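Please look through the sequence and the model shown here before reading on, and keep both at hand while you follow the report.

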Amino acid sequence: MKKILVKGFLLLTSMLVVLGILPAGQPTVSAETQYTTQQISSEVEISVPDSVYGNDEDLSAIEEIKTDGLIGPFAEIGPTYPGTNVSMRVGDVLYSTKAIGGSSQIVGHVGIVNSNFKVVHVTLPVNGGTVDNMTNYMWRHGEGETIKVYRPKNGRGVEAAKWAVYNYKKVTQYLIQIDQSFSSLTPNYCSKFMWQAFYYGEGIDITDKGMTGDTNFFVTPSAFTKSNHFVYTTSFKAVRN
């Protein structure tokens with residue numbers, strides 16, 4: 001009788017394993033475990049072109065990004081832009097006509113939305129690269145100034161945003177030089193940094209003029225408004241309160 005019971009128990013256990021009701025020596029995978037795994041894979045899939053970084057590339061930069069929380073795992077559609085019903089998206093380019101910081105050399109300014117829905121940009125008051133939430137970004141503009149949103153076509157923009165997040169701290173000087181190589185990170189200025197983000201992050205020259213990292217020229221913020229790689233999406237007014 002005991003042998004029959006044992007055999008019956010073993011048979012029942014085997015059936016439950018086959019049906020997937022009981023684990024066969026493997027830990028169960030919870031939703032939290034799956035999220036953690038995907039989060040790690042998302043954060044480390046950051047491509048860094050050697051031609052730009054040289055020997056300066058290291059793991060500490062990636063750790064800084066993780067610590068700052070600037071690259072999230074699934075962020076694509078975020079809160080709406082101020083005063084609109086249009087959702088923010090990773091990779092959106094924000095264009096304004098005012099030269100932030102009072103520079104009169106090139107009129108206009110551009111920044112890119114990262115996966116925390118903050119704006120990564122290079123600006124004169126900081127004398128380099130910085131990240132602003134929307135409130136702070138609007139404060140860098142005059143009250144009521146129009147900020148336009150240009151969205152990358154064909155689902156692009158995420159890799160450009162990652163590139164910008166990885167590199168903005170390496171821009172330590174704001175300076176516009178016409179004979180400056182497009183591959184140099186510092187000194188830099190807003191539209192050149194955005195060009196680099198899409199060239200090295202997405203593999204496209206937003207001007208479609210055959211520019212490469214070896215080109216010595218300059219790109220204006222308005223180039224993004226005329227580029228075939230973007231579509232005008234919406235605009236909103238800067239509010240300083």
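Predicted model: local features only at pLDDT ≥ 70, side-chain atom pairs only at ≥ 80, totals over all residues.

In soluble globular proteins, nonpolar side chains tend to be buried together. In this model, the largest nonpolar core has 48 residues, and those with the most contacts inside it are Y81, L94, F193 and F198. Helix α7, which runs over residues 190-202, gives the largest share of this core, namely 7 residues.

## A buried histidine

H229 is found in a loop, between α8 (223-226) and β8 (230-237). Buried means under 20% relative accessible area, and H229 counts as buried because its relative accessibility is 19%.

The side chain of H229 makes a polar contact with the side chain of D208, at 2.9 Å. Leaving out residues up to four places away in sequence, H229 touches D208 together with R151, P152, K153, R156, I204, D205 and I206.

## The largest pocket

The largest pocket holds about 200 Å³ of space, and its lining is made up of 13 residues, of which T207, K209, V219, A223 and K226 lie nearest its centre. Sorted by class, this lining has 6 nonpolar, 4 polar and 3 charged residues.

How values were computed:
Residues numbered from 1 in each chain as written. Heavy atoms only, no water. 1 Å grid on protein atoms, 1.4 Å probe; cavity = no way out; pocket = protein on both sides within 12 Å on 5 of 7 lines; lining within 4 Å. Points joined across faces, edges and corners; volume = space filled by probe spheres on them. Nonpolar A, V, L, I, M, F, W, Y, C, P; charged D, E, K, R; others polar. Core = buried A, V, L, I, M, F, W, Y, C linked by side-chain atoms within 4.5 Å. Buried < 20%, exposed > 50% of the residue type's maximum accessible area, 1.4 Å probe, protein only. Helix = DSSP H or I, 4+ residues; strand = E, 2+ residues; numbered from the N terminus. Polar contact = N/O pair within 3.5 Å; in protein donor to acceptor, adjacent residues only side chain to side chain. Contact = heavy atoms within 4.5 Å.
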